[in-house]
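Hi,

Here is the structure I promised to pass on.

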Amino acid sequence: MINGLHRLFDTDRWFRRTFSHGIHPTENKHFTADKPIQRFPFAPELVLPLSQHAGAPSEPLVHLGQEVLRGEPIAKAAGFMSVPQHAPATGVIKKIELMPTSKGPRTLSIILEVYPGDSQEVRYAQERDVDAMSPQEIVQAVQDTGLVGLGGAAFPTHVKLSPPKGHSVHTVIINGCECEPFLTTDHRVMLEQTDDLILGTRILMKALGAKNAIIGTEDNKPDAVEALKAKLPEDGSISVEMVRTKYPQGAEKMMAKSLLGVEIPSGGYPSSVGLAVFNVSSTAQLGSLLPQSRGVIERVVTITGPGVSKPGNYTVAIGTPIRFLLDELGFRGNAQHLILGGPMMGGTVSSLDVPITKGCGGVLVLTEKEMQGQTASAAYPCINCGKCVETCPMHLNPCHLGKLAYKHRYEEMADAFQLNDCFECGCCSYVCPSGIPLVQYFRISKASNREKAKAS
Ligand code: SF4
Ligand code: SF4
C-alpha cells in the first residue's frame with residue numbers, strides 16, 4: 001500500500017467486495033435504524049390470505065364460528081410447493097371470503113376476530129431436540145412452520161432446502177444486506193435476534209449438509225457485524241462478511257458475486273454453483289420457531305417515511321390491516337401515499353384494508369411532496385444515453401428491451417435479449433433521464449409471456 005494512503009481513504013471499505021453496475025440511491029434509513037423493535041397491539045380483526053406465498057394457496061382447516069388458539073394451524077399446505085398457516089391470535093373464525101390483498105383485489109382469506117381480553121400467550125407449541133433430527137425431518141418441520149422468504153419473495157423455505165437432483169450445497173449465504181432504501185427490519189433483527197439467527201443458520205446448514213455459512217451484510221451496518229461476530233461458533237463454520245453498500249446488493253446473484261466471486265448462471269439456481277441463499281429475518285424466525293414446533297404468526301415490519309409521525313420497527317401479527325397500523329400511528333392520508341416494501345421494488349396498494357403478509361417487511365408512507373416525485377410523469381423519447389445499460393446489474397440492454405416492449409414484441413425480448421434474467425430491480429428506470437418506466441414495461445412483458453405459456 002502507498003505510504004499514507006490509508007489516511008486519505010477508508011482503504012478497507014475501498015477494497016471491499018462488490019459487483020459491477022448498480023446504483024446508490026439515498027439510503028433514508030435514519031428514520032428507523034436506531035429504533036429497537038417494539039410489539040404492535042393486536043387489531044380487532046386479522047385478514048389471512050390463503051395465498052401469501054409463492055406456490056399453491058393453502059387450504060383452510062377451520063370453519064365459521066370455530067375458536068382457535070394463537071399458533072394453532074388454520075390452513076394446511078396444498079402440496080410440496082405450499083405452506084400451512086397458523087392463527088396469529090386467539091379468537092374466532094368470523095368469515096372466509098374474498099378480500100383485497102397486496103397480490104390483488106380479491107384473494108380468498110380467513111378473517112379472524114381477535115379475543116380482546118385474552119393474554120395472547122402462544123399455547124400451541126411443543127419443544128423438540130433439533131440436534132436429534134435428520135435433514136429430511138428438518139425439511140418437513142420447516143414446511144410445518146409455514147416459513148417463507150421474509151425478504152419479499154415469500155418463496156417457501158423448505159423448497160430451498162430440497163435442491164434439484166445432482167445439486168449439492170457447500171455454502172449457505174445468509175442475506176443481511178437490506179439494500180432497499182428506508183427499510184431497517186433485517187438490520188434490527190441482526191442486532192436484537194442474534195442468537196436465533198445463529199441457531200437458524202446452523203439448522204439450515206444441517207438440513208443442506210453444508211459445511212460453511214456466510215452472513216453477508218453491507219458496510220453501512222457495522223454494529224450488526226460486531227453483534228454477530230460476538231456470537232459466532234468457535235468451529236469457524238459461520239463467518240460474517242461486509243460488502244460495499246450499493247443497490248441491489250441484496251439480490252441472490254449479487255450476493256454470490258460479491259461474497260464469493262461466483263456467477264449463478266442464467267436460468268440456474270444458487271444450488272447450481274453449490275450455494276443456498278436465505279434472508280436474515282427468515283433465518284432468525286427459523287431459529288426461534290423450529291425448536292418449539294411453532295408456526296409463523298408475526299414478523300418485524302419497518303413502518304417509515306416522512307408521512308408517518310412515529311416511524312419504527314414493529315413486531316406485527318400476520319394479517320394486521322394496514323389501516324389499523326396507520327391509525328395507531330396517527331396517519332390521515334390514503335392508500336396512494338403507501339408503498340409496501342421499499343421504494344425500489346415495493347408495490348402500491350389498492351386499499352388500506354390490505355393486510356401485512358409474511359413477505360411484507362416494510363410500509364413506506366409518503367407525503368404529497370414525495371408523491372409528486374413517485375407519480376409517473378410524462379415519459380420522453382429515449383435519447384440513447386446508455387445510462388440504463390451502464391447500471392443494469394445483470395448486464396442486459398434495458399434501452400433495447402424497452403423499445404421492443406413498446407412494440408409488444410415480448411417473446412423476442414425473452415428469446416433473444418434475456419428478458420427473464422431481469423429481476424425487476426428498477427435501476428434502469430431510476431437512472432433514465434427520459435423518465436421511461438422501463439421496469440414496468442418488463443413486468444408487463446414477463447406477465448404476458450407467462451400468460452401465453454400457460455394458455456399453450
Ligand atoms: S430492472 Fe431489469 S433490466 Fe432494469 S436494471 Fe434491473 S435487472 Fe436490469
Ligand atoms: S437511460 Fe433512458 S434515455 Fe438513456 S438509453 Fe436508457 S432508455 Fe434511453
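This is a predicted model: local features need pLDDT of at least 70, side-chain atom pairs count only at pLDDT 80 or more; totals for chains, interfaces and linings use all residues.

Below is what turned up, starting with the aromatic rings.

Residues are numbered from 1 along each chain as its sequence is written, chains are lettered from A and ligands numbered from 1 in the order in which they are written, and side-chain values use heavy atoms, with hydrogens and water left out.

There are 3 aromatic pairs in the structure. Rings of Phe, Tyr and Trp (its six-membered ring) pair if their centres lie within 6.5 Å; planes under 30 degrees apart are stacked, over 60 edge-to-face, and the rest tilted. F31 and F182 have ring centres 5.7 Å apart and planes at 15°, so this pair is stacked. The two come from distant parts of the chain, 151 residues apart: F31 is in the loop between α2 (11-14) and β1 (38-39), and F182 in the loop between β9 (171-175) and α5 (185-192). (Helices, H or I, of at least four residues and strands, E, of at least two are DSSP runs, numbered from the N terminus.)

As for burial, under 20% relative accessible area is buried, over 50% exposed, and in between partly exposed (1.4 Å probe, protein chains only). F31 is partly exposed at 21%, whereas F182 is buried at 9%.

The pair of F40 and Y314 is edge-to-face, with 5.2 Å centre to centre and 85° between the planes. F40 sits in the loop between β1 and β2 (45-49) and Y314 in strand β14 (residues 312-317), so the pair ties together parts 274 residues apart in sequence. Both F40 and Y314 are buried, and together with F324 they make up one aromatic cluster.

K160 has its charged end over F278, 5.3 Å from the ring centre, and K246 lies over the face of F19 at 4.4 Å.

Lastly, N449 is in helix α16 (residues 438-455) and, at 14% relative accessibility, counts as buried. Apart from neighbours within four places in sequence, N449 is in contact (heavy atoms within 4.5 Å) with Y410, E411, A414 and L419.

Cheers

Terms used: A charge sits over a ring if NZ of Lys or CZ of Arg is within 6 Å of the ring centre and within 35 degrees of the ring normal.
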